[in-house]
Amino acid sequence: MGIPKEGEFITIKSYKHDGNLHRTWRDTMVLKTSECSIIGLNDHTLVTESDGRRWVTREPAIVYFHKKYWFNIVAMIREKGVSYYCNLASPYVLDEEALKYIDYDLDVKVFPDGEKRLLDVDEYEAHSKQMHYSKEIDYILKENVKILVDWINNGKGPFSQGYIDIWYDRYKQLSKK
């Protein structure tokens, strides 16, 4: 697969550090690609867990992936406002099969009122020992938490209402909703 074009659909696959498949999203609509990033949208997207369980996303969510930053961002568009789920993860790679990244357990959740929570610290500590995360990866992830929090605090990129409006409107145009 070359670089996907806007309006096309891709699969997203997350893995764990040990190479095991973690989760798969089918049919994410691509809204924009650039040299370093991909913006997409999931709307009632089929998700398959590593144990085979399947579920469908409940609301439209704009997804942001970057080749430089060690996080990706999911902006869930809900009636009470936008909630964000930010995965600390490797930069993405794109191949013939899917957009792929390694999920490093730590997550930052941002609520519509701006409250932030760092999630899954215990899971990160356990997997760090179990899967032998290097000191370098630990350092990179902790530095990227700082970058992510700066983006949140300063309304950068996906954390600005203008960004949400532009990309959700583009999705509606492409999907004729």
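Mentor: Strands are DSSP runs of at least two residues, numbered from the N terminus. This is a predicted model. In this model, strand S6 covers residues 61-66, and His-66 lies in it.

Trainee: Is His-66 buried or exposed?

Mentor: Buried means under 20% relative accessible area. His-66 has 11%, so it counts as buried.

Trainee: Which backbone atom does the side chain of His-66 reach?

Mentor: The backbone nitrogen of Lys-68, at 2.8 Å.

Trainee: And which residues does His-66 touch, not counting those up to four places away in sequence?

Mentor: Cys-36, Ser-37, Pro-91 and Tyr-92.

Trainee: Take Ile-62. What does it touch, leaving out residues up to four places away in sequence?

Mentor: Its partners include Ile-39, Gly-40 and Leu-41. Ile-73, Val-74, Ala-75 and Ile-77 are also touched by Ile-62.

Trainee: H2 came up. Which H2 residue can we read next?

Mentor: Ile-147, whose place is in helix H2. At 31% relative accessibility, Ile-147 counts as partly exposed. That class runs between the 20% and 50% limits. Leaving out residues up to four places away in sequence, Ile-147 touches Tyr-69 and Phe-71.

Trainee: How far apart in space are Ile-147 and Cys-36?

Mentor: 17 Å, C-alpha to C-alpha. Along the sequence, Ile-147 and Cys-36 are 111 residues apart.

Trainee: Where does Val-82 sit, and is it buried or exposed?

Mentor: Val-82 is in strand S8. Its relative accessible area is 13%, so Val-82 is buried. Beyond its neighbours within four places in sequence, Val-82 is in contact with Ala-75, Met-76, Val-110, Phe-111, Pro-112, Gln-161 and Ile-164. Check a distance as well: the C-alpha atoms of Val-82 and Arg-53 are separated by 26 Å, with the two residues 29 apart along the chain.

Trainee: What about Val-56: where is it found?

Mentor: In strand S5, residues 54-56. Val-56 is partly exposed, with a relative accessible area of 44%. Not counting residues up to four places away in sequence, Val-56 touches His-44, Thr-45 and Leu-46. Val-56 and Asn-42 are 14 residues apart in sequence and 9.7 Å apart in space, C-alpha to C-alpha.

Trainee: Which element gives the most to the lining of the largest pocket?

Mentor: S10, with five residues. S2, S5, S6, S7, S8 and S10 each supply at least two residues of the lining.

Trainee: How do the lining residues divide into nonpolar, polar and charged?

Mentor: 11 are nonpolar, five polar and 11 charged.

Trainee: Last topic, backbone angles. Which value does phi of Asp-27 take?

Mentor: Near 65 degrees, a positive value in a residue other than glycine. Asp-27 is found in strand S2. It is partly exposed, at 39% relative accessibility.

Trainee: And phi of Asp-105: what value is it near?

Mentor: 75 degrees, again positive in a residue other than glycine. Asp-105 lies in strand S10.

Trainee: Is Asp-105 buried or exposed?

Mentor: Its relative accessible area is 1%, so Asp-105 is buried.

How values were computed:
Residues numbered from 1 in each chain as written. Predicted model: local features only at pLDDT ≥ 70, side-chain atom pairs only at ≥ 80, totals over all residues. Heavy atoms only, no water. Helix = DSSP H or I, 4+ residues; strand = E, 2+ residues; numbered from the N terminus. Buried < 20%, exposed > 50% of the residue type's maximum accessible area, 1.4 Å probe, protein only. Polar contact = N/O pair within 3.5 Å; in protein donor to acceptor, adjacent residues only side chain to side chain. Contact = heavy atoms within 4.5 Å. Nonpolar A, V, L, I, M, F, W, Y, C, P; charged D, E, K, R; others polar.
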